[in-house]
Each structure stands twice: as structure tokens, then as C-alpha cells.
Amino acid sequence: MFKHILLPTDGSDLSIRAVTAGIELAKSINAKVTGLFVNEATYISAIDGQPNPRAESALAAVAQLAKDAGVTSTCVSMLGETPQDAIVRLAKAEGCDLIIMGTHGRSKVGKFILGSVAASLLADCEIPVLLYR
């Protein structure tokens with residue numbers, strides 16, 4: 001049924017648990033996954049153009065979990081005005097047919113990314129969204 005699962009992450013413990021569950025599902029149905037970290041735009045080019053160590057760490061975790069499970073994966077770090085818009089844009093561009101994400105992050109950024117974003121996706125996204133608690 002699902003062939004390509006998008007796994008947005010902020011690197012928090014709950015986010016990684018959701019990623020792990022998404023990868024387990026992907027393995028069981030022979031789907032591929034895409035890990036996504038959304039960097040919120042600051043509109044300061046010197047900051048927005050720099051690598052984000054938190055994004056690199058979170059996406060490395062996704063890649064390693066997928067590799068360990070034998071699941072095909074790609075990882076993307078995007079700059080976006082709002083995380084929900086970036087999630088939907090990437091899901092559509094990559095042909096993802098399911099989005100799996102946690103409902104609450106651990107940090108201020110995580111709470112924003114995985115709290116209100118999840119609610120927004122449920123309300124507005126045409127792609128199925130599975131929330132992990």
C-alpha cells in the first residue's frame with residue numbers, strides 16, 4: 001500500500017522513536033524512507049547558509065537506523081519558512097505516500113516542529129499522516 005514514507009525529525013528522543021517505528025513499518029511493507037530535518041529560516045544569510053550540526057546528527061541517526069534495518073533511505077535538510085510547508089512540499093516532490101512523525105518534541109524547537117506542526121498536517125495535508133506517541 002505505502003511505498004515511500006517521509007520521516008520528519010528534530011533529533012529528539014520522541015522523534016527518533018517515531019523514526020524507528022516508521023523504519024520498522026517500511027521494512028515490513030518493503031517501502032523506502034526519506035528523513036527530513038527542517039531548518040527554520042532566520043533570514044540572515046550568514047546563518048541560513050551554514051551547516052546545522054543538529055540536522056546532521058538527526059539525519060545521520062535516520063540513515064543509520066534505516067541501514068541497520070535494511071531499508072532504502074535518503075535524508076534531506078531543508079530551509080523552510082514553516083516546517084509544515086516544507087514537509088508537505090518535500091512529500092509531494094518526492095512522491096511520499098505517508099508521513100510518520102512524533103507528536104511532541106523535547107526542546108523549544110522540537111515542541112514547535114513536532115507539536116503544532118503535527119496538528120497542522122492533520123488539518124491541512126492531503127497525504128496520510130501517522131502520528132507516533
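Trainee: Which residues is Ile87 in contact with, once neighbours within four places in sequence are left aside?

Mentor: Contact is defined as heavy atoms within 4.5 Å, and Ile87 is in contact with Leu6, Pro8, Leu36, Val38, Ile99, Met101, Val117 and Leu121. This is a predicted model, in which local features need pLDDT of at least 70 and side-chain atom pairs count only at pLDDT 80 or more, while totals for chains, interfaces and linings use all residues. Residues are numbered from 1 along each chain as its sequence is written, and side-chain values use heavy atoms, with hydrogens and water left out.

Trainee: What makes a set of residues a nonpolar core, and which residues have the most contacts inside the largest one?

Mentor: The term stands for buried Ala, Val, Leu, Ile, Met, Phe, Trp, Tyr and Cys residues joined through side-chain atoms within 4.5 Å. The largest such core has 18 residues, and those with the most contacts inside it are Leu6, Leu36, Ile87, Ile99, Met101, Leu121 and Cys125. Two or more residues are given to this core by each of β2, α4, β4 (98–102) and α5 (108–124), with the largest share, five residues, coming from α4. Apart from this core lies another, of 13 residues, among them Ile23, Ala26, Ala31 and Ile100.

Trainee: Why is Gln84 called buried?

Mentor: Buried means under 20% relative accessible area, exposed over 50%, and partly exposed in between, with a 1.4 Å probe and protein chains only; Gln84 has 18% relative accessibility and therefore counts as buried. Gln84 lies in helix α4 (residues 83–94), and, not counting residues up to four places away in sequence, Gln84 touches Val117, Ser120 and Leu121.

Trainee: Why is Asn30 called exposed?

Mentor: The relative accessible area of Asn30 is 69%, and the cut-off for exposed is over 50%, so Asn30 is exposed. Asn30 is placed in the loop between α1 and β2, and its phi is near 60 degrees, a positive value in a residue other than glycine.

Trainee: How do you know that the span of α3 agrees with what a helix of 17 residues should have?

Mentor: Helices are DSSP runs (H or I, at least four residues), as strands are (E, at least two), numbered from the N terminus. The expected span is 1.5 Å times one less than the number of residues, which gives 24 Å for helix α3 (residues 53–69), and its end C-alpha atoms are 24 Å apart, so the two agree.

Trainee: What makes the buried residues of α3 line one face?

Mentor: In α3, Ala55, Ala58, Leu59, Val62 and Ala66 are buried. Seen down the axis of α3, these buried residues fall within an arc of 90 degrees, so they line one face of the helix; the arc is that of the directions from the helix axis to the C-beta atoms. What covers them includes α1 (13–29), β2 (32–40) and β3 (73–80), whereas Pro53, Lys67 and Asp68, on the other side of α3, are exposed.
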